[in-house]
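Hi,

Here is the structure I promised to pass on. Have a look first, and my notes follow below.

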Amino acid sequence: MAERGGERGAFRRGFGGGGGRSDRGRGRRRGRKEEEEKWVPVTKLGRLVKAGKITSLEQIYLHSLPIKEHQIVDLLVGPSLKDEVMKITPVQKQTRAGQRTRFKAFVVVGDGNGHVGLGVKCSKEVATAIRGAIILAKLSIIPVRRGYWGNKIGKPHTVPCKVTGKCGSVTVRMVPAPRGAGIVAARVPKKVLQFAGIEDVFTSSRGSTKTLGNFVKATFDCLLKTYGFLTPDFWRETRFSKSPFQEYWDLLGKPTKALLLDDVENANA
Amino acid sequence: MEIASVEKLKGLQITPLEDEEEEEEQKAQEIAVDEDDDNDYDEDEEDEEEPVILGFVEKPDHSWSLLRQQFPSKAGGVPAWLDPDNLPSGRSCVCDLCGEPLQFLLQVYAPLVEKESSFHRTVFVFMCLSMNCLLRDQHEQWKRHHEKSSRSVKVYRCQLPRVNAFYSSEPPKGNKSDKPLAPGAPLCNWCGTWKGDKFCSNCKSARYCSQKHQAMHWGAGHKPQCQQLSLSSQLPDSNTCNGGTAAIKVASKSLWPEYEIKNEHESESETEMSEDDAQTNNSLVSKSGMDDSMKSLLDSFEGDCDRKSWASFQERIAKAPEQILRYCRSTKAKPLWPMSSGRPSKADLPKCHYCGSPLCFEFQILPQLLYYFGVKNDMNSLDWASIVVYTCEASCEGVGYKEEFAWVQLSSASPNLP
């Protein structure tokens, strides 16, 4: 430990005079990979997730807790989360010395099994914009409800009912389809629906679908509503369960996970 | 003002002809200009920032590394008081809201090289364990009349010149043999934090800072030992004046684990230049300018002010995710605020109690510290977004410990999607 004894400055290398030159070797530039592994959570929810007390995103959705750290989603959903850049637009600002271009990236993430997210980020470099958009997309991830067209055989494959979403002038309507129909939609919402894990659906859109922003947001809004639609499965009275913050109180003892996921899993059945 | 004129322009475009399309794009880009202005000003301000020193926690190298004669910066455990005799007492030791004695959070050894009187200078932060008190404290910190406010987070600063009555004028050798010039005032047996000027009435050798701690120690193991201690109380009490070479043993189990704080400059941002991104993304880069719908998309997915400040906070933190402290003592320095709501303006900050000079930002504590302390994650456990400490700009002199100002920002529980 270097010590500067002298007339000026204090004995130990304290804060303020000049930090730096630490024994830890942090000055070395480490690869990005190592930094990503060393996630130190900043929020209470993050600490719970890191401690392993929360095992699935559904527990977070059930209590409408805001997800503020993207590493939470990384840990809970894991490697099945795929991302794709939908569009990168340059936008320009006029300055005295010419034009200053920045890039806006639109990214969709999803695990193909009921979770999608959409993120938008603007930055001076394309790579930074894409990275930032991926993080924002992970933060905005939503659950998507799937159901059956007819017989309840196998896994749910389509939307549970006719739903419609609107943004600006664009309305997107999704209609349940039989197996094997595939996603009958335009190129842009098809990508979003593929990430959502919907296998068959008929869609119909209206309005100025040329505007990519509104079109994507309308499909996203539509997917949001799938869990908002009241069907006979939800007629049973809700058994309210304790939020993850209350659950792990020492006074209450071990929680029962079955209770928490009950409502969510029954809906899919 | 400009919005009205833009709307008038929009009304003019009925059928987009080829000529007008270009104008449309230009005007759309003008709209882009207005929107981006705010973002760009923020970026310009960031470029002029002062260099920040980060603090990281580590287990101490040796059992004696964190004693006061080594002038440590530490978090958790007991404070290593700089001036061991003139400790804060009375109302300064307890939370004003619930009456419990405050618990030691961290101390930062931050000498000022310009002044002789602050050759040694340490800032101590204490807070109450209860989250209820912290929530009430939020109202208190917004009050303007700070002499009468009741806080649950308290900051003390102490400074000494090089030649003083407590430590030698030579630097410590950094080994076990370092000793302070005199043992300090005895401390409480339970918390080891505050002055122990109250005795156990039975054995007269156990010292406590407050009635509450005496009661807790009694229930947690002092009762059987009390009798034995009263018999041996004829001997001079040796446990409190141990010459300062060994760490003091405290009875409380609720103290936070002890760490040493090591400091480092914030490294330059690792701008990993996109190697070949230009080639791969050319197909996706479209030439059309931005239009209104994209703006609406941006509004909902880029976020409002709170989320933007959270996003930039996270980006900054991501360069060194383990940091718990950001130090930058300067009038121009701005703390890295996690939220946009709950920031103090100049008028909210008081002046120094003692000399009347304005306060300046010194350092801020980040919530990663809670992770290292292993704080539980219940409804009522401690959680903050940032604690920002402001100290006297002139670092006024005086004996003992001077109270400084802390601003706590709690995380807002707003949902993500609108």
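**Strands in chain B**

Gln364(B) has Val388(B), in E11(B), as its bridge partner. This is a predicted model, where local features need pLDDT of at least 70, side-chain atom pairs count only at pLDDT 80 or more, and totals for chains, interfaces and linings use all residues. Residues are numbered from 1 along each chain as its sequence is written, chains are lettered from A and ligands numbered from 1 in the order in which they are written, and side-chain values use heavy atoms, leaving out hydrogens and water.

Back to E11(B), residues 386–392: seven of its seven residues are buried (under 20% relative accessible area, 1.4 Å probe, protein chains only). Strands here are DSSP runs of at least two residues, helices (H or I) of at least four, numbered from the N terminus. E11(B) pairs antiparallel with E10 (residues 359–365) of chain B over six bridges; pairing takes at least two DSSP bridges. Five bridges join E11(B) to E12 (residues 402–409) of chain B, also antiparallel, and Ile387(B) has Val408(B) in E12(B) as its bridge partner.

**Chain A**

Chain A has nine helices and eight strands, and 50% of its 269 residues are buried. UniProt (unreviewed entry) puts "domain: S5 DRBM" at residues 81–144 of chain A, though such annotations may be inferred rather than shown by experiment. That span is 22% helix and 59% strand.

Mean pLDDT (the predictor's confidence in each residue, from 0 to 100) is 81 for chain A. It stays under 50 over residues 1–9 and 18–33 of chain A.

Cheers

Definitions and conventions. Contact = heavy atoms within 4.5 Å.
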